[in-house]
Amino acid sequence: MGRKSIFGTQIAPHMDKIAEWAKAGATKAEIAKRLGVAPSSVRKFCALGEKGDERYKAFAAAFAQACAVADDAVENALYKTATGYKEQVLKHYKVKVVEYDDAGRRVAEREELREAYDEVAFPANVSAQQFWLTNRQPERWKRQPEAAQTEDGDASGVVLMPDVSGDADNG
């Protein structure tokens, strides 16, 4: 009688949980720990499935798809942070409630907490903008521009910028 593999006993029965964990941002190492298997096993089964091994193909595809969900959520959050946004935020306010009798005299006064939504503006974040642009458009937004070359071939440390004034002949 053949021995069942780790994949068949400890991974395959938990595919739904694995997908949920991956969608929530769990790494392969974290998922392996939750399953009680070595991280190298999870990496191996994913790699074999990506290479076309039919036994692990569905696992690798499900794992990649679940990870893409988490990656998309982070990308969307990064974009919002980079561009700034407004959001309705539930806040609690202390309100003074005064009760009067029929003659108009104050009979009771108390404070209550009331909930209300308030629109809060979250400004654009320059660090998020830099990260986004250096990764999405690396040729236009390098962190370390190449130094300009002098006539003798040495780098001068000066970055030459293109003329944008329109009158390059007058410079």
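Tutor: We begin with a cut-off: a disulfide is a pair of cysteine sulfur atoms within 2.5 Å. Keep in mind that this is a predicted model.

Student: How do you know that Cys46 is too far from the closest cysteine sulfur for a bond?
Tutor: The closest cysteine sulfur to that of Cys46 belongs to Cys67, at 7.7 Å. A disulfide needs the two sulfurs within 2.5 Å, so Cys46 is too far away for a bond. Seen from the other end, the sulfur of Cys67 has Cys46 as its closest cysteine partner, again at 7.7 Å. Searching the whole structure gives zero disulfides.

Student: Why is Cys46 called buried?
Tutor: Its relative accessible area is 1%. Buried means under 20%, so Cys46 qualifies as buried. Across the protein, 16% of the 171 residues are buried.

Student: Which elements does the protein have, and in what order do they run?
Tutor: There are six helices and two strands. Starting at the N terminus, the order is α-α-α-α-α-β-β-α.

Student: What makes H4 roughly perpendicular or roughly parallel to H5?
Tutor: The angle decides. Helix H4, residues 39-50, and H5 have axes that come within 7 Å and cross at roughly 105°. Angles of 65 to 115 degrees count as roughly perpendicular, so H4 is roughly perpendicular to H5. On the H4 side, the contact is made by Val42, Phe45, Cys46, Leu48, Gly49 and Glu50, while H5 supplies Tyr56, Lys57, Phe59, Ala60 and Phe63. By class, this contact has eight nonpolar, one polar and two charged residues.

Student: And what makes H2 roughly parallel or roughly perpendicular to H5?
Tutor: Here we have helix H2, residues 15-23, and helix H5, residues 54-83, with axes that come within 7 Å and cross at roughly 30°. An angle under 35 degrees counts as roughly parallel, so H2 is roughly parallel to H5. The crossing of H2 past H5 is right-handed.

Student: Which residues of H2 and H5 meet?
Tutor: From H2 come Met15, Ile18, Ala19, Ala22 and Lys23. They meet Ala58, Phe59, Ala62, Phe63, Ala66, Cys67, Val69 and Ala70 in H5. Sorted by class, the contact of H2 with H5 has 12 nonpolar residues, no polar ones and one charged residue.

Student: How many of the protein's contacts with a separation of 6 or more join residues 24 or more positions apart?
Tutor: Such pairs account for 48% of those contacts.

Methods: Residues are numbered from 1 along each chain as its sequence is written. This is a predicted model: local features need pLDDT of at least 70, side-chain atom pairs count only at pLDDT 80 or more; totals for chains, interfaces and linings use all residues. Side-chain values use heavy atoms; hydrogens and water are left out. Axes are lines fitted to C-alpha atoms, for helices over the stretch in contact, and angles run from 0 to 180 degrees between N-to-C directions. Helices (H or I, at least four residues) and strands (E, at least two) are DSSP runs, numbered from the N terminus. Angles under 35 degrees count as roughly parallel, over 145 as roughly antiparallel, 65 to 115 as roughly perpendicular and the rest as oblique. A crossing is left-handed if the near helix is turned anticlockwise from the far one by less than a right angle, and right-handed if clockwise. Contact means heavy atoms within 4.5 Å. Ala, Val, Leu, Ile, Met, Phe, Trp, Tyr, Cys and Pro count as nonpolar, Asp, Glu, Lys and Arg as charged, and the others, Gly among them, as polar. Buried means under 20% relative accessible area, exposed over 50%, partly exposed in between (1.4 Å probe, protein chains only).
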